[in-house]
Amino acid sequence: MGEAESEPGAVMEFIQDYRFKMLIPELLVVFALWYLVPESLTQNVYDLVLGDLLGPLTFILQPLFFLPSGVLAFITAFVLHGIYPLDNYHEGKIPDLPKAAVIMIAISFILLPLLVLMQMIGYYMTEATEYISRNPLWERVESVGDLFFYAGAVFFVGLQWWLLIPVFFLSQAVDGIHKIAHHETAHEGITAFFYFLWPITMPLFFDPIEIMAMAALSIPAFAFYSYIRPYYTYVTAVHTLSFALLVLGTMIIAMAGISMPLLKYWVPGAIPGGRPPVPAPRW
Amino acid sequence: MSNWTNKWVIMLLLGIIIQTVIYPAIFIMGTFVGSPSYDYMFSVFLIGMVSIIIQIIGFAVIMNQTKDTDPALYSQGRPFRHKLREEDEVPATRKPTFDGTDQSVYEE
């Protein structure tokens, strides 16, 4: 008690330096992997899906071939946090890269080489605007880097490629509206256009219940930070109204008797039809 | 009171009201019957209700915090635009918003 509290302890400092609060979105993606590919909790997904095609080459994708890929993705989400001190080092905020960060990144490479390679490429893509040029094109590349880094496990472990286009719009939108709120986009109009592609395109890829869940989850998840910072009210207002109108539009499409996802009318089979069954209640 | 007529506040409130009306309406009327994931409807309805409660509390927090503030604050965006993080002491010269001409950042 008292004055000692102002200095964070060693554990707290580690949590802050390695930005472990970002585990919230990262673990949500791991849970999405478990939901979409339940086999990942018991088996090597690469061997299961690509074994016939690649044979022993799947060993390169997951050297610890005898462990379940979903569990490795979970551990990787923790050890890859070595990338955050690496980021601070690149930004010149710390003079030396901590040894623990290097070891953590190395361990993550051993666990899931393909995933971590793509996440590292994604990380360097997010730096593109700093090192190459800031214009609307490189800002879009920056957002795709976010897609690779944060949603990586769904694509490079879960191999859910049908999600690539909707998640592309999502990453453009989430990253873009942050750029607008932070006054750091080269072209506000283009960035806002890419934001609105997110709500507008969702009926193409998802059914009405999924869209309603997306709205109900995304609005407070997106806004909880801004409620205590009223200077972000305008972006919160735009996001809240856009997704309320998305649900309203979805309701109108559904009542007109048109079934979603709409993409199936133009590209049959583009979206897997079956959804995972509802688990039996545990109470 | 003028804060309640600010267009961003009205837009936020409108978004919350639309959700408050249509989530229960969709659930009660069974509007989405026949959707591939209809089995999840009840869970999603509950998530929607919790979501609305969080949004109403958040809205109340915003209005309470800004009672005596100029409504221009609502569309201000991030105030520490030349810094990477609020707690940083020196301006980040690598940021795109920093062109070296804004002298006010050195005064703080």
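Two residues are in contact if their C-beta atoms, placed from the backbone, lie within 7 Å, and the views below use this sense of the word in a model that is predicted.

**View 1. Helix 13 of chain A beside helix 15 of chain A**. In this close-up of the predicted model, Phe196(A), Pro199(A), Met202(A) and Pro203(A) of helix 13 meet Ser242(A), Phe243(A), Leu246(A), Thr250(A) and Ile253(A) of helix 15. By class, the residues of this contact are seven nonpolar and two polar, with no charged residue among them. Because angles under 35 degrees count as roughly parallel, helix 13 of chain A and helix 15 of chain A are described as roughly parallel to each other. The crossing of helix 13 of chain A with helix 15 of chain A is right-handed.

**View 2. Helix 12 of chain A packed with helix 13 of chain A**. Helix 12 (residues 164–181) of chain A and helix 13 (residues 188–205) of chain A pack with their axes 8 Å apart, at an angle of about 145°, and their crossing is left-handed. On the side of helix 12 of chain A, the residues that make the contact include Pro166(A), Phe169(A), Leu170(A), Ala173(A) and Ile177(A), while helix 13 of chain A contributes, among others, Ala192(A), Phe194(A), Tyr195(A), Trp198(A) and Phe205(A). Taken by class, the residues of this contact between helix 12 and helix 13 of chain A are twelve nonpolar, four polar and two charged.

**View 3. The two domains of chain A**. Chain A is divided into domain 1, which covers residues 11–159, and domain 2, which covers residues 186–266. The centres of domain 1 and domain 2 of chain A, taken over C-alpha atoms, are separated by 27 Å. Four residues from domain 1 of chain A and four residues from domain 2 of chain A take part in the contact. On the side of domain 1 of chain A that touches domain 2 of chain A, one residue is nonpolar, one is polar and two are charged.

**View 4. Chain B against chain A**. Here the contact draws 44 residues from chain B and 39 residues from chain A. Helix 1 (7–29) and helix 2 (41–65) of chain B are the elements that give two or more residues to the side of chain B that touches chain A. This side of chain B is made up of 23 nonpolar, 16 polar and five charged residues.

Terms used:
Residues numbered from 1 in each chain as written. Chains lettered and ligands numbered in written order. Predicted model: local features only at pLDDT ≥ 70, side-chain atom pairs only at ≥ 80, totals over all residues. Axes fitted to C-alpha atoms, helices over the stretch in contact; angles between N-to-C directions. Helix = DSSP H or I, 4+ residues; strand = E, 2+ residues; numbered from the N terminus. Left-handed = near helix turned anticlockwise from the far one by under 90°. Nonpolar A, V, L, I, M, F, W, Y, C, P; charged D, E, K, R; others polar. Parallel < 35°, antiparallel > 145°, perpendicular 65-115°, else oblique. Domains from an automatic or database assignment.
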